[in-house]
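Good morning, and thank you for making time for this presentation.

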Amino acid sequence: MFVAVFGIYPLLELFRMSVSTVGFANILDNRWPFVGFDNFSTLFDSPTFSEALTNTLIFVTLVVSISVVGGMAAALALRAATLPRRLTLALLVFVWTLPPVVSGSVWRFLFSSEGVVNEAISRTHIHEPVFWLSDPSLSLYSVAFVNAWAALPFAALVLRAGLMGIPPQTMEAAAVDGASGWRTFWYVTLPQLRPVVLVLIVLITVYAFRSFDFIFIMTLGGPGTSSTTLPYLAYQQAFTLGFFDLGAAVAVIAGLFVAVTAAFYVRLTRREAHA
Amino acid sequence: MIGARGQRDVFGRVGVVVLVLLYGVPLVYLIATSLKNRVQIFDAPASLLFHPTFSSYESVISSDLARAAANTAIIAFGTTALILVLGTPAAYWLSRNRSFLATVAVASLILLQMVPQATTVIPLFKVMALFGLIGQLLSVILADASLLLPFAVILLRPFFDAVPAELEEAASIDGASRFRVLTRIALPLVRNGLLTVGTLVWIIAWGEFLYAITFLTEEERLPLSALLARQISQFGTDWGPLMALAVLIALPVLVVFVLTERRLREGLVLGAER
C-alpha cells in the first residue's frame with residue numbers, strides 16, 4: 001500500500017506531468033492541459049538537453065571505470081587480513097558511510113581556487129592554480145572523480161569478498177605452473193570474479209546515473225551547464241525554474257535509462273540464481 | 001602473484017599507502033580546517049602546523065543548530081522506524097511466497113530502488129502538496145521511507161529465507177497465528193538483518209538533503225544536512241564554520257560506524273549479492 005502511494009503513484013503522476021503543461025501556478029490542479037509529446041520535442045531541440053545527455057554519459061563512464069578498476073586494485077591490496085590492511089579497509093568503509101553532503105563539502109574546499117590542492121600546486125611550482133570546479137572544461141571531471149572516490153570503497157568491499165570466495169588452490173596451482181602475478185590475475189582470478197564484477201558494474205552504473213548530491217554541493221551543475229547531468233537538469237527545470245512539465249520529461253527519459261539498466265541487472269542475477 | 005603474502009608484496013604495500021592518503025587526507029583537512037580561524041585558512045589552507053582554535057565551532061553552535069539537529073534526529077529515527085514497521089512484514093511475505101505475483105513484486109522493487117531521487121522528487125512534491133504536508137518534517141520522513149523501502153525489503157528478504165520453514169510450521173500446528181509466528185519465531189532469528197538494514201537506513205536518512213531542501217520551506221524546519229548543503233552550494237566560502245558543521249554532522253555517523261562496522265560490512269556485501 002505504502003509503496004503504491006509513495007512509489008508507484010508518483011511515477012504515474014510524473015508521466016502525466018511530462019505530457020502536460022505544468023508550472024508552480026497549476027501544480028495542485030487536478031487537470032493539466034494535455035500537450036502530447038511537446039515537452040519532449042522541446043527538449044530534443046534544446047542544446048542544454050543534449051549537453052546534459054553527453055555529460056551524463058561521460059560522467060557515468062568515468063565513475064564506473066575509476067571506481068571498479070580502483071576498487072579491484074584496492075581489493076587486491078587489502079586482501080591479506082593484517083592489522084594495517086584491516087584498518088585501511090575500515091577507513092574506506094567509514095568514508096563510504098559519510099553523508100555525501102559532508103564529503104562533497106570537503107572536496108569542494110580541497111578543490112576550491114584558494115584551497116588545499118591549489119596551494120600544494122603553487123608551493124611546488126609545477127603548474128598555475130587549476131580551477132577544478134570553476135573551469136567549465138574541468139568541473140564535470142572533478143565531480144566525477146569525487147563521485148568515483150566515494151563509490152570506490154563499496155566496489156573494494158564487494159570485490160574483496162569475491163576474492164575471498166576463490167579457492168586458494170586454484171591460484172597456488174597457477175603459481176606452481178609458473179604464471180606471473182599479472183597473468184594469474186588476468187587468466188585465473190578475473191574470470192572467476194566475472195559475475196561479481198558484472199553485478200558491480202550495473203550497480204555502480206545506476207549509482208552514478210542517479211548522482212545528484214555531489215553535483216549540487218560542488219558545482220550546482222555549473223559553471224553554466226558544464227556539469228549538469230540528466231537528474232540534475234530534471235531537478236533544476238522543476239524547482240529552480242518552475243517548469244515541472246519539462247523537468248518531468250527529463251525525468252521520464254532518465255527513468256527509461258534506469259529501467260533498461262535495471263532489466264539487465266534482474267537478468268544477470270536471475271541467471272546466476274539458476275546457474 | 002599479486003597480493004601474495006611475504007616480502008614480495010610490494011603491490012599491497014603501495015596500495016595501502018595510496019589508499020590511506022586518498023581517504024585519510026580529506027578527513028585530516030576536514031578536521032584541521034574546522035579548527036583554524038579565517039586568517040589561518042586564507043594564508044595557508046594546506047598547512048597542518050597551526051594553533052587550533054574552536055572559534056568556528058563557537059560561531060556554528062547555537063540554539064538554531066540544536067533545533068536543526070533535533071530535526072535531523074526526528075527524520076532519521078522516524079524513517080528508520082517506519083521502514084522497519086512496513087518493510088519487515090513485506091520482506092517476510094515475499095520470502096514465504098513464491099507465487100508469480102511475488103516475483104513481479106520483487107522485480108518492481110528492484111526497479112523502484114533504482115529510480116533517481118532527483119526524478120521522484122518532482123511528482124512527490126505534488127503528492128506532498130496534495131496531502132498538505134509541504135513544510136512539515138513528516139513529508140521528508142515519508143519521502144525518505146519511499147526512497148529506501150524497496151532497498152530495505154530486498155536486503156531483508158534473504159534473512160527470512162534463512163529461517164527454517166519447519167520451525168514455523170511446528171508453531172502454527174501448535175495453534176499460533178500468522179502474526180504470532182512472525183513476531184515470536186521469525187523476528188528473533190532475523191535480528192541481525194533488522195539491525196543491519198536499520199543502520200544503513202538510519203545513516204542514509206541522517207545525511208539526506210534533497211527532499212529536505214525541496215519540501216521544507218521554513219529555515220527552522222531544516223535538518224543539519226540541508227543547512228550545510230544550502231550554505232555550501234550558495235555561499236561556500238567561509239570554510240571554517242562550514243567544515244565545523246560538516247564535522248558535527250559526521251560525528252554521530254562515526255559513532256554508529258564504530259558500533260556496527262562488522263555488521264555494516266557484511267550487510268553491504270550481501271546487498272550487492274542480491
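Predicted model: local features only at pLDDT ≥ 70, side-chain atom pairs only at ≥ 80, totals over all residues.

Let me begin with chain A, whose secondary structure comes to 12 helices and 0 strands. Helices here are DSSP runs of H or I of at least four residues, strands are runs of E of at least two, and both are numbered from the N terminus. Residues are numbered from 1 along each chain as its sequence is written, and chains are lettered from A and ligands numbered from 1 in the order in which they are written.

From the N terminus on, chain A runs α-α-α-α-α-α-α-α-α-α-α-α. Its C-alpha trace spans about 75 × 60 × 35 Å along the principal axes. Of the 275 residues of chain A, 49% count as buried. A residue is buried if 20 or more other C-beta atoms lie within 10 Å of its own, exposed if 12 or fewer, and partly exposed in between, with C-beta atoms placed from the backbone. As for contacts in chain A with a separation of 6 or more, 68% of them are accounted for by residues 24 or more positions apart. Two residues are in contact if their C-beta atoms, placed from the backbone, lie within 7 Å.

Two residues of chain A deserve a word. L220(A) lies in the loop between α10 (213-218) and α11 (230-240) of chain A. This residue is not a glycine, and yet L220(A) has a positive phi of about 50°. Is L220(A) buried, exposed or partly exposed? L220(A) is partly exposed, because 18 other C-beta atoms lie within 10 Å.

The second residue, I253(A), belongs to helix α12 (residues 244-274) of chain A. I253(A) has 20 C-beta neighbours inside 10 Å and therefore counts as buried. Between the C-alpha atoms of I253(A) and A234(A) there are 9.8 Å, and the two residues are 19 apart along the chain.

I turn now to chain B. There are 13 helices and 0 strands in this chain. The C-alpha trace of chain B spans about 75 × 65 × 30 Å along its principal axes, and buried residues make up 44% of its 274 residues. Among contacts in chain B with a separation of 6 or more, residues 24 or more positions apart account for 76%.

One helix to look at is α6(B). It has 14 residues and reaches 19 Å from its first C-alpha to its last, close to the 20 Å expected at 1.5 Å a residue; the expected span is 1.5 Å times one less than the number of residues. Where does α6(B) bend? The bend is at P123(B), by about 35°, and a bend is the angle between axes fitted to the seven residues ending at a residue and the seven starting there. The helix α6(B) is mostly covered, with 10 of its 14 residues buried; among them are V121(B), I122(B), P123(B), L124(B) and F125(B). After α6(B) comes G132(B), with a positive phi near 65°.

Next is α1(B), with 25 residues and a reach of 36 Å from its first C-alpha to its last, close to the 36 Å expected. α1(B) bends by about 30° at G24(B), and P26(B), a proline, follows within four residues. The buried residues of α1(B) include P26(B), Y29(B), L30(B) and T33(B).

Those four residues bring us to the meeting of the chains. Two packed helices are described by the angle between their axes and the distance between the axes. Helix α5 (residues 100-111) of chain A and α1(B) pack at an angle of about 85°, with their axes 10 Å apart. Axes are lines fitted to C-alpha atoms, for helices over the stretch in contact, and angles run from 0 to 180 degrees between N-to-C directions. The angle therefore makes α5(A) roughly perpendicular to α1(B), a term covering 65 to 115 degrees, whereas angles under 35 count as roughly parallel, over 145 as roughly antiparallel and the rest as oblique. On the α5(A) side the contact is made by V106(A), W107(A), F109(A) and L110(A), and on the α1(B) side by P26(B), Y29(B), L30(B) and T33(B).

Finally, the interface as a whole: 69 residues of chain B are in contact with 82 residues of chain A. On the side of chain B that touches chain A, the largest share, 14 residues, comes from α13(B).
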